[in-house]
Amino acid sequence: MKVEVEKKPESVSTLRIELPGDEVSKEWDAIAKSFARFAKIPGYRPGKAPPAVIEKRFRKEIQDEVTKKLVSKSYRDAIEQKKLRVASLTNLEDVQFGDDKSMRFQATIVTEPEFDLPGYKEIPVELPATKVTEAEIDEALERLRDQSADFVDVPERAAQMEDFVVVDFAGSIEGKPLSEIVPQASKNVHGGKKFWLHLAPENFLPKFCEQIVGQKRGEERTVTIEFPADFPVKELAAKKANYEVTLGEIKQKVLPALDDAFAAKIVPGKTLADLRHAIEHDVEHAKEHEVERSKEAQIVNYLQERTKIDLPPSLLRNETKRALAELVQRNRARGIPDEMLKDKEKELIESAAGVAAHRLKTNFILERIAEQEKIGVTKEDVDLRVRQEAQRYNISPDKMRKELEEHDGLNAFAEQILLGKVLDFLKANVSVQPISAKPEADKKS
């Protein structure tokens, strides 16, 4: 097999691959024989048609089968022969057969950038202690009390700060409803019916809650809002709107007593002491997970800072598109309208480009470490991940595998598993320097 490599700008290379006629002929003849066994040719019994007749009748089909069988294999052999690190295969094209059955084609690839790995063993990391303090247990208990709170009607008095009120309200500017002025904005900006509102400073619209204080049940009141110049809905920025507000209910939040009865409601049959112990275990477990995330982040930052890589532009463009799609999807899930996303298009693209560059650089570094340390992914590793994903989506492993194969998902799984293995290797070889959490006084200073 002859292989020529033509290097081009932006880490792109063209491979010209030629397979000798004798090698192609073996495959060609084997495939032609399989056609001959089943072909129905007028004037010949099945399997008895001469090779020349079969080849003339099925030349295109035989050629297609030979192409399928040899192109992929010879491409991989060419990569191995030339010791190329391929980041992506752009194209396999221009397949030609010679009169002597030789086959030629070319492949366009993007090669991985060349770079020097920094030392990656004994990376220094600072990690906080995982010991749980009594204050942290108390905070978790308070959160549970808050979640278990009752909301008691207090109809006899006017609304106060920290109350929860239920209101009907509708906004307008110069008599025109906000739902007509800014239909794309959140409905809560337009108004609402039986809307629950926690009266607290800086909550909801600017100075809205402060103007509800003192309002009584059944009372109607006009609340005036001055939207700031940087308000996300640009049509309302620096504008003044009026909201007609009718207060329906006033509720006071009442926390349950912190005792064994409360603990038994949270975990049946348990005392407050038992609940504190369970919380301690959960907080410790969460801290251990946070330590692992922190360790991973410090490892990646250490490697990023000490590695210079010129990223292939085509890969960076593709990864930026992917990162941008993820950012847009996340923002939509948070309820941000498309018009607002359009206004922030430049910032989103810049953010996506940063994410893409960081991701690509990290992956190149980790993959090179995997190569150096001979870390690989086995079929069993992929099979296990397929079973886990199938269980997660409550479908059969066979169906999950089929769906993944249709979308090149198995290769993505293999890459995720490989990167995870390398990070596990690096985390097992760090130089850990435990640090204690700073006292509250230090945090405030």
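A pocket is an open set of grid points with protein on both sides within 12 Å along at least five of seven lines. The legends below describe close-up views of a predicted model.

**View 1. The largest pocket and its lining.**
The largest pocket of the predicted model has a volume of about 1500 Å³. Its lining comprises 33 residues, and those nearest the pocket centre are Val86, Ala87, Glu112, Glu367 and Glu415. Five elements, α2 (51-81), β3 (86-97), α9 (313-333), α11 (345-373) and α14, each contribute at least two residues to this lining. By class, the lining of the largest pocket holds 14 nonpolar, 5 polar and 14 charged residues.

The structure contains 1 cavity of 30 Å³ or more. Of the residues lining the largest cavity, 5 are nonpolar, 1 is polar and 4 are charged.

**View 2. Helix α8 against helix α14.**
Helix α8 (residues 272-305) and helix α14 (residues 409-427) have axes that come within 10 Å and cross at roughly 95°. Angles of 65 to 115 degrees count as roughly perpendicular, so α8 is roughly perpendicular to α14. On the α8 side, the contact is made by Glu292, Lys295, Glu296, Ile299, Val300 and Leu303, and on the α14 side by Leu423, Leu426 and Lys427. The contact of α8 with α14 has 5 nonpolar and 4 charged residues, and no polar ones.

**View 3. Helix α12 against helix α13.**
The axes of helix α12 (residues 379-392) and helix α13 (residues 397-406) come within 8 Å, with a crossing angle of roughly 110°. Asp383, Val386, Arg387, Glu389 and Ala390 of α12 make the contact with Pro397, Met400, Arg401 and Leu404 of α13. Sorted by class, the contact of α12 with α13 comprises 5 nonpolar, no polar and 4 charged residues.

**View 4. Helix α13 against helix α14.**
Helices α13 and α14 have axes 5 Å apart and pack at an angle of about 95°. This angle makes α13 roughly perpendicular to α14. Arg401, Leu404 and Glu405 of α13 meet Gly409, Leu410 and Phe413 of α14. There are 3 nonpolar, 1 polar and 2 charged residues in the contact of α13 with α14. Arg401 and Leu404 also belong to the contact of α12 with α13.

**View 5. Ile375 in the loop between α11 and α12.**
Ile375 is placed in the loop that joins α11 and α12. Its C-alpha atom is separated by 9.0 Å from that of Phe425, a residue 50 positions away along the chain. With neighbours within four places in sequence left aside, the contacts of Ile375 are Ala370, Leu418, Lys421, Val422 and Phe425.

**View 6. Cys209 in helix α6.**
Cys209 is part of helix α6 (residues 208-212). Buried means under 20% relative accessible area, and Cys209 counts as buried because its relative accessibility is 0%. The C-alpha atoms of Cys209 and His198 are separated by 7.9 Å, and the two residues are 11 apart along the chain. Beyond its neighbours within four places in sequence, Cys209 is in contact with Met161, Leu197, His198, Leu199, Ala200 and Asn203.

Glu122 is not a glycine, yet has a positive phi of about 60°. This residue sits in the loop between β4 (103-111) and β5 (124-128). Its relative accessibility is 52%, so Glu122 counts as exposed. Ala238, although not a glycine, has a positive phi of about 65°. The loop between β10 (220-226) and β11 (240-254) holds Ala238. With a relative accessible area of 58%, Ala238 is exposed.

How values were computed. Residues numbered from 1 in each chain as written. Predicted model: local features only at pLDDT ≥ 70, side-chain atom pairs only at ≥ 80, totals over all residues. Heavy atoms only, no water. Axes fitted to C-alpha atoms, helices over the stretch in contact; angles between N-to-C directions. Helix = DSSP H or I, 4+ residues; strand = E, 2+ residues; numbered from the N terminus. Parallel < 35°, antiparallel > 145°, perpendicular 65-115°, else oblique. Contact = heavy atoms within 4.5 Å. Nonpolar A, V, L, I, M, F, W, Y, C, P; charged D, E, K, R; others polar. 1 Å grid on protein atoms, 1.4 Å probe; cavity = no way out; pocket = protein on both sides within 12 Å on 5 of 7 lines; lining within 4 Å. Points joined across faces, edges and corners; volume = space filled by probe spheres on them. Buried < 20%, exposed > 50% of the residue type's maximum accessible area, 1.4 Å probe, protein only.
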